[in-house]
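Please open the structure in a viewer and keep the selection panel at hand.

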Amino acid sequence: MNEELFRMLKRITPEEKEALSGQKDVQWSIYTDQPQQSVIEHEKLLKNNGLITARKHARFIYFPPHKHNYVEFFYVLSGSVTHRVEGKTLVVKSGELLFMNQHTEHEILPCGEDDIAINLIIMPAFFEQVREMVGPENILAEFMVNVLQQEESVAQYLYFPVADDFCIQNLAENIVYAILRKQHNEERVLGISMGLLFLHLLNAAEQVQISEENTNANMLILAVKKYISDEYRAGTLSELARRTGYSAPALSRLIKKHTGATFKELQTKQRMEQVINLLRDTDLPINEIALSVGYENKSFFYKRFQQEYHMNPGEARQKLQNHTF
């Protein structure tokens, strides 16, 4: 734990002082101009058209069911905070993260003096920087980013019970510290730090708990993305169907419904992104690159590449080397 950050956040805020003096209701004027709608507005919390800020969660106060018009990352620095999200109780402990999509309704029970937590208020546009950091080849990260950028999506929250992962804790606390201290090149630092956080969270993907609404769809799409990320060279729909317990036709329909693409389109996208990486980062002959990503037929590979990028691989390599791709 960052001790300086803990000392900063341990202090009693004016809002908390009033709560300790008997004011138990949320001071809605801090959070919204339309309290009757119970929607916390980014316009009240983000200054100067910023994309991200941090705010200490107010202790001692019950937050009744409410929504946000932004993405919220909730990180617990010490103690624990109890949320009720979509009827499910989540006790978020020290070192754990809860990511909530826009317009996800939840309530937060009052917490005590040693329960220190941070709200990261984030506009969806901020995740474009994260996408650049994690790279297009990381299909699981892309799934997470897409979830958080959309107002309505398959998952409404992602809960990471990662209290034993010190790398994740350090990254989360560094992000908060950078915001509160307003460090030089803050936006760039935050983009890089958030990208690193996502990369580490991907290693903990098996631990993630996802919104119970459409849970089967959530877990299926995660399984599909993971399979394609790992097996883009030779993976098949029939093998994925066998692993997930679906028939191939049923799985094909579900993939199309929840991703907007077919299995083959997702696999091709992953292959082509890997081709781009190899063209940019290696001197391998193009035929070897094609074979390495699963294309044995040279003509078919060139046709696919042309369809995707409207140029041949040699032209793409030249543009990549000149940073004009």
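This is a predicted model: local features need pLDDT of at least 70, side-chain atom pairs count only at pLDDT 80 or more; totals for chains, interfaces and linings use all residues.

Residues are numbered from 1 along each chain as its sequence is written, and side-chain values use heavy atoms, with hydrogens and water left out.

**The largest cavity**

A search of the whole structure finds 2 cavities of 30 Å³ or more; a cavity is a set of points on a 1 Å grid over the protein atoms alone where a 1.4 Å probe fits but cannot get out. The largest cavity holds about 120 Å³ of space, a volume being the space filled by probe spheres set on the points. Select Tyr31, Ile40, Tyr70, Glu72 and Asn119, which are the closest to its centre among the 14 lining residues; a lining residue has an atom within 4 Å of a point.

Next, select the strands (DSSP runs of E, at least two residues). β3 (63-68), β8 (106-108) and β9 (116-122) each supply at least two residues of this lining, and β3 gives the most, with 3 residues.

**Two helices**

Now select helices (DSSP runs of H or I, at least four residues) α1 (residues 3-10) and α7 (residues 166-181), whose axes, lines fitted to C-alpha atoms over the stretch in contact, come within 10 Å and cross at roughly 60 degrees. Display Glu4, Leu5, Met8 and Leu9 of α1 with Glu173, Val176, Tyr177, Leu180 and Arg181 of α7, which make the contact (heavy atoms within 4.5 Å).

Note on methods: On a 1 Å grid over the protein atoms alone, a cavity is a set of points where a 1.4 Å probe fits but cannot get out, and a pocket is an open set with protein on both sides within 12 Å along at least five of seven lines; lining residues have an atom within 4 Å of a point. Axes are lines fitted to C-alpha atoms, for helices over the stretch in contact, and angles run from 0 to 180 degrees between N-to-C directions.
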